[in-house]
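Trainee: Please take a close look at one part of this structure, the paired charged side chains, and then follow the packing from there. Give the cut-offs as you go.

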Amino acid sequence: MSDAAHPKSRLSALQAAWVIARRDFVAVLFSRAFFFFLLGPLFPVIVGGLAGGIGGQVQREAMSSEVGLAMSAEDNAAVLAARAHLRPQLGNSLPDLAEIESARGDPEFDARAFLQEKRGNYAAIVTGSLDEPELFGTAGQVARWQGPVALLAANAAAAEPASFPMVTPQLVATTAVTERSDRIRTAQAAQMMLFLLTMLLAGMVLSNLVEEKANKIIEILAAAIPMDAVFLGKLFAMLAVSLVGIGVWGAVGFGLWSVGGEAITAATGFNPANLPAPAVGWPMFVVLGVLYFAMAYLLLGALFLTIGAMAATVREVQTLSMPVTMMQLMVFFLAAYVITQPGSALELLAIVFPLSSPFAMLARAALQETLWVHAAALAWQGLMVALIVKGGSTLFRRRVMKSGAAGRDKPARRRFAFGKRAADAAK
């Protein structure tokens with residue numbers, strides 16, 4: 001037997017994993033499909049932005065808060081004057097008021113019939129007098145505007161307009177409640193970004209082995225190197241491809257923001273520059289974000305690689321995609337729910353459970369300054385990645401490849417017993 005064919009001359013597990021990772025990374029990165037993969041997320045973002053902008057405009061126009069005035073001309077003028085007087089203090093808490101043209105000089109005006117006939121675009125109608133106003137509208141609109149209408153009528157009926165004392169503002173930099181509530185916004189935004197990227201990218205691993213199983217390449221790989229190395233190499237190759245994709249998307253997003261940041265903020269109402277600084281600071285938070293994305297991807301990817309390896313066809317992979325997506329959503333909901341419950345048993349569960357641990361720990365980085373817990377969490381997540389890869393490769397070898405312990409050196413006692421049974425059979 002030549003040295004090349006001897007088992008001891010094979011590559012180590014890490015060397016074999018590196019070979020697989022480099023092969024898959026280059027094959028994916030320089031394929032035509034990778035270009036469309038990079039373009040893929042841009043279409044939902046563009047369509048979502050347009051739909052959100054149009055939908056928001058339609059909603060703002062459809063959900064009118066205009067309250068009609070159908071009292072006497074003097075009472076209407078007094079209520080409008082009271083609203084103008086109170087508006088600087090109460091702002092949008094007061095309704096937009098408008099006199100109803102058809103009610104002018106009509107003592108028999110029927111507000112109930114007017115609303116039931118769906119004439120105009122009024123949320124409610126005020127009739128009666130300043131001393132005894134009547135508010136017509138649905139239950140929700142009446143509950144919403146009953147208090148503000150009473151306040152306006154009371155001020156309008158006063159002989160002199162009410163005067164408000166000048167409130168002298170005394171500002172402080174921050175408070176514990178304000179700081180925590182602000183940091184919660186950063187934690188939620190980080191969790192959402194981590195979830196979207198993981199859900200978008202980790203699903204590609206599901207179908208990673210289907211093609212190679214179909215064209216028998218996996219059998220050649222299994223005969224040459226350990227399946228652990230095959231799984232590990234493919235997992236890190238797809239992680240590297242995902243990081244390249246995120247880098248490209250980040251560069252494109254930064255370019256678009258540099259050109260039209262104000263327009264994007266006006267259309268979406270969201271400005272990342274206004275997010276409060278996390279507890280660990282932005283540089284460390286970005287580093288932890290990259291590390292937790294890698295761990296979230298490796299954990300989900302290892303699980304998806306195992307699930308996809310059990311599938312025989314692409315159709316089975318597509319069937320598995322729905323429960324996989326639901327599982328991701330449940331993990332995200334668990335991590336998002338415990339943001340406001342620091343130190344609780346449920347938060348500890350989210351931290352210990354491998355699939356939700358990266359999301360929960362990234363939120364903790366935004367809320368708490370302690371760093372050593374992140375080192376422990378990353379070590380725990382890395383251990384779970386290794387265990388899932390080991391379990392997945394073993395399951396694939398035994399259930400799909402049907403190899404079991406084939407190819408391993410048998411102990412001397414087992415070889416002796418086998419030889420003795422063969423000799424007895426020959427006699």
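Mentor: Glu101 is exposed, with a relative accessible area of 55%; exposed means over 50%, buried under 20%, and partly exposed in between, with a 1.4 Å probe and protein chains only. This is a predicted model, in which local features need pLDDT of at least 70 and side-chain atom pairs count only at pLDDT 80 or more, while totals for chains, interfaces and linings use all residues. Residues are numbered from 1 along each chain as its sequence is written, and side-chain values use heavy atoms, with hydrogens and water left out.

The side chain of Glu101 forms a salt bridge with that of Arg104, at 3.5 Å from N to O. A salt bridge here is a side-chain nitrogen of Lys or Arg within 4 Å of a carboxyl oxygen of Asp or Glu. Arg104 also meets Glu99 in a salt bridge, at 3.5 Å from N to O. Arg104 counts as partly exposed because its relative accessible area is 49%, and Glu99 is partly exposed at 25%.

By this rule the count of salt bridges is seven. Another of them joins the side chains of Lys234 and Asp24, with 2.9 Å from N to O. Lys234 belongs to helix α10 (residues 227–268) and Asp24 to helix α1 (residues 13–29), so this pair ties together parts 210 residues apart in sequence. Helices are DSSP runs of H or I with at least four residues, numbered from the N terminus. Lys234 and Asp24 are both buried. Arg23 joins Asp24 and Lys234 in a network of salt bridges.

Now to the nonpolar packing. A nonpolar core is a set of buried Ala, Val, Leu, Ile, Met, Phe, Trp, Tyr and Cys residues joined through side-chain atoms within 4.5 Å. The largest nonpolar core has 71 residues, and Phe231 and Tyr297 touch the most other members of it. Helix α11 (residues 282–310) gives the most to this core, with 14 residues. Apart from it lies another core, of 15 residues, including Met71, Leu130, Trp145 and Leu152.

Contact means heavy atoms within 4.5 Å. Not counting residues up to four places away in sequence, Phe231 touches Leu209, Leu305, Thr306, Ala309, Val389, Gly392, Ser393 and Phe396. Thr306 is found in α11 and counts as buried because its relative accessibility is 12%. Leaving aside neighbours within four places in sequence, Thr306 is in contact with Phe231, Ile388, Gly392 and Leu395.

Helix α11 also packs against helix α14 (residues 357–367), at an angle of about 170° and with the axes 9 Å apart. That makes α11 roughly antiparallel to α14. On the α11 side the contact is made by Phe285, Leu288, Gly289, Tyr292, Met295, Ala296 and Leu299, and on the α14 side by Pro358, Met361, Leu362, Ala365 and Ala366. By class, this contact has eleven nonpolar residues, one polar and no charged residues. The axes are lines fitted to C-alpha atoms over the stretch in contact, and angles run from 0 to 180 degrees between N-to-C directions. Angles over 145 degrees count as roughly antiparallel, under 35 as roughly parallel, 65 to 115 as roughly perpendicular and the rest as oblique. Ala, Val, Leu, Ile, Met, Phe, Trp, Tyr, Cys and Pro count as nonpolar, Asp, Glu, Lys and Arg as charged, and the others, Gly among them, as polar.

Key. Helices (H or I, at least four residues) and strands (E, at least two) are DSSP runs, numbered from the N terminus.
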